[in-house]
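Here's a quick tour for anyone meeting this structure for the first time. Have a look at the chain first, and then we'll stop at a few spots.

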Amino acid sequence: MSDRMQAYIEQLGRQARAASRVLATASTERKNAALIAAAAALRLRANDLLEANRIDVDGVRKAGKPDAFIDRLMLDGARIEGVASAVEAIATLPDPVGRVLAEIDRPNGLRIERVAVPLGVIGMIYESRPNVGADAGALCLKSGNAVILRGGSESLNSTRIIVECMKEGLREADLPEDAIQMIDTANRDAVKHLLQCTQFVDLVIPRGGKGLVTLVRDQARVPTLLHLDGNCHTYVHAGADLDKAVAIIENAKLRRTGICGATESLVIDESVAADLLPRLIDRMTVCEFRGDPAAVTIDPRVKPADEADWDTEYLDACLSVKIVDGLEAGINHVAAHSSGHTDAIVTEDTDAATCFLAMIDSAVVMHNASTQFSDGGEFGMGAEIGIATGKMHARGPVGLEQLTSFKYLVHGEGQTRP
C-alpha cells in the first residue's frame with residue numbers, strides 16, 4: 001500500500017508541476033476568468049455541495065465530535081455563498097506575479113530587476129473546514145501556483161465537490177485542470193508521502209490543530225509554512241474602557257469559538273478585575289471561565305484553572321482568566337504562554353498600548369480590537385490560505401503576495417566580468 005500511495009502522490013505532483021509551468025505565465029485575465037467561472041460553478045452546484053456536506057456532518061456526529069468541530073465542518077446556503085463570493089473577490093485583487101520589487105542600476109551598465117514569481121507547487125493540508133479548499137485553490141491560482149489539497153477525512157465528500165467546481169473554472173478559462181488537485185483518499189500515508197515529495201512540491205502549508213502542524217514540522221522534507229495553535233490572548237489593562245472591553249472580549253471569544261483567531265486566554269489587571277470579571281460572566285452565560293485563585297475569589301462562578309489551561313487552545317466556549325499586577329506582569333504572562341498567533345491589549349493609555357505592541361512578539365498584535373479580526377479578508381488581502389506564526393518568508397495572514405517568491409532579471413549589453 002505504501003508504494004502505491006507514494007506512486008499516487010508522485011503522479012499528482014508530476015501533474016501539478018506541469019500545470020504550474022502554464023500558470024506561471026498565464027495572463028491575469030485568464031486567471032480571473034477561471035475564478036469567476038469557479039464561483040459560478042459553486043453556486044450552480046450548491047445543492048450537490050450541501051448533500052455532500054450533510055454526509056460528512058452525519059459522519060462526524062456519529063463519531064461523537066464536539067459541536068465546535070461540527071460547526072467548522074458544516075456548510076449552509078449562506079456559507080456556500082460566502083465561499084463563492086470569496087473566490088470572486090480574489091479575482092478583483094491585484095495580480096502579485098510580475099511585480100517589480102526593486103530595480104538596481106550598476107556602474108558597469110547592468111540593469112537588475114527583482115521580480116515576483118510564483119512559488120510553484122504547493123501542498124495544502126487542512127482539517128475539517130471545507131471552505132479552505134476553495135480559498136487555497138483560488139489564492140494559488142491567482143498567484144500562479146498549482147496546489148495539491150489534502151483535506152481532512154471528515155470533509156472528503158465536501159472537498160470533492162469544491163474541487164470539481166474549481167476545475168470547472170479552470171476548464172472554462174482554458175487553463176490546466178491539474179492546477180488544482182485533491183488527494184482523494186483518507187489514507188494517512190498520503191500525508192507522509194506529500195511531505196517527502198521534494199521532487200515536485202515546493203512548499204507545504206498545514207492548517208489545523210497543533211497535532212497536525214507538529215506532525216508536518218517533524219516529518220516534512222519539503223519546506224513548510226507553519227501555523228501552530230492559536231492560543232490568543234486579550235489583556236485588559238488598568239486604563240481600559242470597561243464597556244469597550246466587555247464588547248471586545250465577548251466578540252473575541254464567542255463570535256466563532258472554533259477559529260484560530262478566537263481569544264482563549266483573558267489577562268486582567270487586578271485594579272479593574274473586580275469590576276470587569278462579573279460583568280463578563282453575566283454577559284457570556286454560555287462560556288465556562290477557568291481562573292487563577294484571584295479570579296475564583298472575585299467570582300465563585302469561575303472554576304479553578306490548572307497550569308495546562310494557560311497553554312490550551314480550547315476552540316470552544318471556554319476561557320482561561322489570569323489576574324496580574326500591572327502592565328509588565330501582563331506582558332510577561334502573554335509572552336510566556338502565547339502561541340505567537342494573535343494577542344491584543346484593551347486600554348485607553350497610549351503609552352501602555354505602545355509598549356504592549358512593541359514587546360509582544362506575535363504575528364499579529366492588536367490594540368482595542370477583537371482578535372477575531374486576525375484574518376486575511378479583514379486585512380484587505382482577500383481570502384487567506386492560513387496564518388503563519390513563524391518568522392521566515394511570511395508571517396501573519398498568508399495571502400497572494402506571500403504565495404510568491406522572486407527572481408532577479410539581469411539585463412546587459414555584452415558586459416564581461418573582469
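This is a predicted model: local features need pLDDT of at least 70, side-chain atom pairs count only at pLDDT 80 or more; totals for chains, interfaces and linings use all residues.

## Helices α3 and α7

Let's begin with two helices that pack together: α3, covering residues 46–62, and α7, covering residues 156–172. Their axes sit 7 Å apart, at an angle of about 160 degrees. Angles over 145 degrees count as roughly antiparallel, and α3 and α7 are therefore roughly antiparallel to each other. As for handedness, α3 and α7 make a left-handed crossing.

Which residues do the meeting? On the α3 side they are D48, L49, A52, N53, I55 and D56, and on the α7 side L156, N157, S158, I161 and I162. Sorted by class, the contact of α3 with α7 holds six nonpolar residues, three polar ones and two charged ones.

## Helices α10 and α11

Now for another packed pair: α10 (residues 242–254) and α11 (residues 270–283). Here the axes are 10 Å apart and the angle is about 45 degrees, which makes α10 oblique to α11. The crossing of α10 with α11 is right-handed.

From α10, the contact takes in L242, D243, A245, V246, I249 and E250. From α11, it takes in V272, D275, L276, R279, L280 and R283.

## Aromatic pairs

How many aromatic pairs does a search of the whole structure find? It turns up two. One of them joins Y235 and F356, whose rings are stacked, with 6.0 Å from centre to centre and 25 degrees between the planes. Y235 belongs to strand β7 (residues 232–236) and F356 to helix α14 (residues 350–359), so this pair ties together parts that lie 121 residues apart in sequence. Are these two residues buried or exposed? Y235 is buried, at a relative accessible area of 0%, and F356 is also buried at 0%.

The other pair is F406 with Y408. Their ring centres are 5.7 Å apart and their planes stand at 85 degrees, so this pair counts as edge-to-face. F406 is partly exposed, with a relative accessible area of 41%, and Y408 is partly exposed too, at 47%.

G396 sits in strand β15, which spans residues 396–398. With 0% relative accessibility, G396 counts as buried. Leaving aside residues up to four places away in sequence, G396 touches A363, V364, G386, I387 and A388. For a sense of scale, take D174, which is 222 residues from G396 along the chain: the C-alpha atoms of the two are 33 Å apart.

Where does S374 lie? You'll find S374 in the loop between β13 (364–367) and β14 (386–388). S374 has a relative accessible area of 5%; under 20% counts as buried, so S374 is buried. Again leaving aside residues up to four places away in sequence, S374 touches H341, T342, V364, M366, F379 and I387. Two of those names, V364 and I387, also turn up among the residues that G396 touches.

Terms used:
Residues are numbered from 1 along each chain as its sequence is written. Side-chain values use heavy atoms; hydrogens and water are left out. Axes are lines fitted to C-alpha atoms, for helices over the stretch in contact, and angles run from 0 to 180 degrees between N-to-C directions. Helices (H or I, at least four residues) and strands (E, at least two) are DSSP runs, numbered from the N terminus. Angles under 35 degrees count as roughly parallel, over 145 as roughly antiparallel, 65 to 115 as roughly perpendicular and the rest as oblique. A crossing is left-handed if the near helix is turned anticlockwise from the far one by less than a right angle, and right-handed if clockwise. Contact means heavy atoms within 4.5 Å. Ala, Val, Leu, Ile, Met, Phe, Trp, Tyr, Cys and Pro count as nonpolar, Asp, Glu, Lys and Arg as charged, and the others, Gly among them, as polar. Rings of Phe, Tyr and Trp (its six-membered ring) pair if their centres lie within 6.5 Å; planes under 30 degrees apart count as stacked, over 60 as edge-to-face and the rest as tilted. Buried means under 20% relative accessible area, exposed over 50%, partly exposed in between (1.4 Å probe, protein chains only).
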